[in-house]
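Reader: Could you walk me through the side-chain contacts in this model, one question at a time?

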Amino acid sequence: QVQLVESGGGLVQPGGSLRLSCAASGFALAGFHIGWFRQAPGKEREGISCMSVSDGTTYYEDSVKGRFTISRDNANNTMFLQMNSLKTEDTAVYYCAVHGSRVRNVRGLCQMGTRTRGGMDYWGKGTLVTVSS
């Protein structure tokens with residue numbers, strides 16, 4: 001069964017760090033572009049970081065650029081989001097997602113996943129990150 005399962009969320013103080021993991025099963029993560037998305041209550045889903053499977057090119061939303069890092073470990077079928085210098089506005093449910101088709105650019109990949117869940121092939125159920133003192 002195809003699954004993406006996020007972990008690593010929780011409560012963290014502003015300025016703190018978290019590392020989110022996304023374990024893939026039922027398919028080979030190595031064959032897919034990857035992305036991290038988030039959604040807070042009452043807000044639209046936003047693609048915060050995506051990575052091309054072909055050349056490793058990355059995209060970061062301006063709000064997280066310089067603070068978050070997307071990575072992957074294909075051997076262990078896992079993707080990660082390192083989150084540093086967390087802010088209260090980072091509070092959201094974070095989702096991992098993958099896409100198996102050719103894309104024009106990695107920014108477009110994140111944009112597509114933002115517009116519609118169907119823009120990505122598989123989604124995790126999410127993990128809640130709460131940044132609060």
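**Charged and aromatic contacts**

Author: Happy to start with an arginine: R38 has a relative accessible area of 5%, so R38 is buried. Please keep in mind that this model is predicted.

Reader: Thanks! At what N to O distance do the side chains of E46 and R38 meet?

Author: Side chains of opposite charge can pair when their charged atoms come close. E46 is partly exposed because its relative accessible area is 23%. The side chains of E46 and R38 form a salt bridge, with N to O at 2.7 Å.

Reader: Which residues do salt bridges with shared partners join into one network?

Author: A search of the whole structure gives 3 salt bridges. One of them brings the side chains of R67 and D90 together at 2.7 Å, N to O. R67 is in the loop between β6 (58–60) and β7 (68–73) and D90 in the loop between β8 and β9, so this pair ties together parts 23 residues apart in sequence. Through shared partners, the network holds R38, E46, R67 and D90.

Reader: Now the rings: are the planes of F27 and Y122 stacked, edge-to-face or tilted?

Author: The structure holds 5 aromatic pairs. For F27 and Y122, the ring centres are 5.1 Å apart and the planes meet at 40°, so the pair is tilted.

Reader: How many residues apart are F27 and Y122 in the chain?

Author: F27 is buried because its relative accessibility is 12%, while Y122 counts as partly exposed at 30%. F27 sits in the loop between β3 (18–25) and β4 (33–39), and Y122 is in strand β10 (residues 122–123); they are apart by 95 residues.

Reader: What about F37 and W123: is F37 buried or exposed?

Author: The rings of F37 and W123 have centres 4.8 Å apart and planes at 55°, so this pair is tilted. W123 has a relative accessible area of 13%, so W123 is buried. With 0% relative accessibility, F37 counts as buried.

Reader: One last thing: over the face of which residue does R19 lie?

Author: This contact involves an arginine and a ring. R19 is 3.8 Å from the ring centre, and the residue whose face it lies over is F80.

Terms used:
Residues numbered from 1 in each chain as written. Predicted model: local features only at pLDDT ≥ 70, side-chain atom pairs only at ≥ 80, totals over all residues. Heavy atoms only, no water. Phe/Tyr/Trp six-rings, centres within 6.5 Å; stacked < 30°, edge-to-face > 60°. Helix = DSSP H or I, 4+ residues; strand = E, 2+ residues; numbered from the N terminus. Buried < 20%, exposed > 50% of the residue type's maximum accessible area, 1.4 Å probe, protein only. Lys NZ or Arg CZ within 6 Å of the ring centre and 35° of its normal. Salt bridge = Lys/Arg side-chain N within 4 Å of Asp/Glu carboxyl O.
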